[in-house]
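This briefing sets out selected features of the structure shown below. The points are grouped by topic.

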Amino acid sequence: MPTTHDHTLPLAPEREVDGSIDEKGKLHLSEATSSTSGWSWMLEVRYQARGRWRQPGITVRENGHERFIQYLEPGQAGKRLLNLTGIDDLGAVTLSAERCRLAPQARLLGFQRPALDDGPLMIIAPHPDDAELAAYGLYRQHAERTWILTLTAGERHKRLDRQYLPFLDHDLKSASRRKGWIRSWNSATTPQLAGVAQDRLYMLGYFNDTLATLLDTPNICAPSLADDALSPADFRRWNARPLASDELPGGPSNRGDDLLADLIGLLDQVRPSTVVVPHPELDPHPDHQAAAAALATALNATMHRPERVLLYANHLKSQRGFPRGPAHAASGVWPVACSTSGLGAWSLYSQPLDLEAQREKAVAMDSMHDLRDKPGWERRLKRAVKRRLSGIQPERWADYGQHDFFQTHIKAQEMFALVGTEALMEYFASH
């Protein structure tokens with residue numbers, strides 16, 4: 001029997017509509033939804049997987065035409081949210097369950113999306129490629145008002161055989177310096193594919209895996225874990241204008257005080273109405289959590305208050321392969337049981353991506369050298385076995401790249417939790 005496991009989140013929808021799914025999969029709603037644009041729509045359903053290995057999928061059709069498939073966990077049963085964002089007519093939806101059963105009861109949750117056109121949009125990426133993974137579709141739509149701040153160079157190399165170009169450098173210090181230089185170039189160029197101006201792309205150049213240390217001891221310089229001779233200035237050559245710490249005697253150091261001065265200066269300069277940053281409760285990566293904490297600390301030191309914060313999670317604790325299924329599937333809501341949050345109740349902001357936007361995202365991800373993964377034979381074998389057991393047709397797996405992110409993060413939607421600025425600041429004040 002499948003293991004029953006309900007997914008719960010502290011959500012505050014603006015609309016709730018009772019619904020049902022008939023024996024032909026037709027969705028019936030108790031109230032009409034006059035407009036779907038400007039809303040994120042989630043359909044709460046209960047499902048039961050038919051097997052331990054075969055991956056359940058719910059095909060969503062609109063007026064008989066397939067829009068996307070959302071994949072769920074094999075071997076489980078319980079409450080899930082199906083992402084219907086991007087559907088034009090919710091009254092014309094049918095659901096086809098593969099390798100699972102759906103209960104007839106359903107409930108539609110609606111979250112009104114702010115237009116995000118009331119000011120600049122600032123994306124904070126802990127590492128090069130985090131902005132692309134989480135929000136390429138979002139910043140593509142708002143390219144003319146987007147600023148991207150990449151906090152670290154992601155320079156750390158642990159093995160010489162993992163260089164982007166084999167045998168290019170012959171010691172780890174040289175290889176790490178070159179890796180940071182390449183990834184800085186990626187951050188300075190890739191968003192231009194979506195139309196973001198190069199002078200709104202800032203590499204802060206702090207060191208990989210040190211952000212939490214910088215916040216704990218902000219007046220102490222922490223060396224790079226790859227090369228203690230590195231400076232953040234080594235990775236700032238493509239910044240259009242100097243950062244606050246560039247003006248310090250001797251230039252910037254890998255210190256929390258320097259990081260906060262740079263963030264405060266950019267917040268005061270840009271005055272964003274929307275800030276996009278990792279979710280401190282969902283994303284367990286230490287640099288990602290520290291990025292959100294650094295933003296909250298910087299906001300306490302500036303008079304500017306953004307209207308809203310969008311939170312993303314590129315990593316999940318004990319969860320690999322999420323969002324589930326092949327590229328171009330629907331993006332589910334994070335698979336966690338979290339009925340309360342230190343951030344208060346969340347709204348959901350789901351950014352729909354049409355097929356062309358998803359393809360452009362694949363190109364943007366491919367331009368990031370760190371995602372040009374070269375998995376070994378054991379990993380390739382495990383992937384092949386897992387796909388075979390999933391029951392998903394082989395032709396649905398679009399191998400644009402070998403990294404798992406080319407499946408998990410090229411989806412029909414991007415997902416964010418939407419909270420107020422004060423909620424984020426209060427969260428870190430109490431932690």
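In this predicted model, the axes of helix H4 (residues 256-270) and helix H5 (residues 286-300) come within 9 Å and cross at roughly 65 degrees.

**Helix contact**

- The crossing of H4 and H5 is right-handed.
- On the H4 side, the contact is made by Leu 259, Leu 260, Leu 263, Ile 264 and Leu 267.
- These residues meet Ala 294, Leu 295, Thr 297, Ala 298 and Leu 299 of H5.
- Sorted by class, the contact of H4 with H5 comprises nine nonpolar residues, one polar residue and no charged residues.

**Second largest pocket**

- H7 provides the largest share of the lining of the second largest pocket, with eight residues.
- The classes represented in the lining of the second largest pocket are six nonpolar, nine polar and ten charged residues.

**Cavities**

- Three cavities of 30 Å³ or more are found in a search of the whole structure.
- The volume of the largest cavity is about 70 Å³.
- His 157, Gln 163, Tyr 164, Leu 165, Leu 168, Asp 169, Ala 175, Arg 178, Lys 179 and Ile 182 line the largest cavity.
- In the lining of the largest cavity, five residues are nonpolar, two are polar and three are charged.
- The second largest cavity has a volume of about 40 Å³.
- Residues lining the second largest cavity include Ala 125, His 127, Pro 128, Asp 129, Asp 130, Ala 131 and Glu 132.
- Ile 148, Thr 150, Ser 187, Pro 191 and Met 368 are also among the residues that line the second largest cavity.
- Helix H1 (130-141) and strand E12 each contribute at least two residues to the lining of the second largest cavity, and H1 gives the most, with three residues.
- By class, the lining of the second largest cavity divides into six nonpolar, three polar and three charged residues.

**Aromatic pairs**

- The structure contains eight aromatic pairs.
- One of these pairs is formed by Trp 147 and Tyr 202, whose ring centres are 6.4 Å apart and whose planes lie at 10 degrees, so the pair is stacked.
- Because Trp 147 belongs to strand E12 (residues 146-152) and Tyr 202 to strand E13 (residues 201-206), the pair ties together parts that are 55 residues apart in sequence.

**Backbone features**

- The peptide bond from Phe 322 to Pro 323 is cis, and its omega is near -5 degrees.
- Pro 323 is located in the loop between strand E15 (308-312) and strand E16 (347-352).
- Asp 129 has a phi near 90 degrees, which is a positive value in a residue other than glycine.
- The loop between strand E11 (121-125) and H1 contains Asp 129, and Asp 129 is also one of the residues that line the second largest cavity.

How values were computed: Residues numbered from 1 in each chain as written. Predicted model: local features only at pLDDT ≥ 70, side-chain atom pairs only at ≥ 80, totals over all residues. Heavy atoms only, no water. Axes fitted to C-alpha atoms, helices over the stretch in contact; angles between N-to-C directions. Helix = DSSP H or I, 4+ residues; strand = E, 2+ residues; numbered from the N terminus. Left-handed = near helix turned anticlockwise from the far one by under 90°. Contact = heavy atoms within 4.5 Å. Nonpolar A, V, L, I, M, F, W, Y, C, P; charged D, E, K, R; others polar. Phe/Tyr/Trp six-rings, centres within 6.5 Å; stacked < 30°, edge-to-face > 60°. 1 Å grid on protein atoms, 1.4 Å probe; cavity = no way out; pocket = protein on both sides within 12 Å on 5 of 7 lines; lining within 4 Å. Points joined across faces, edges and corners; volume = space filled by probe spheres on them.
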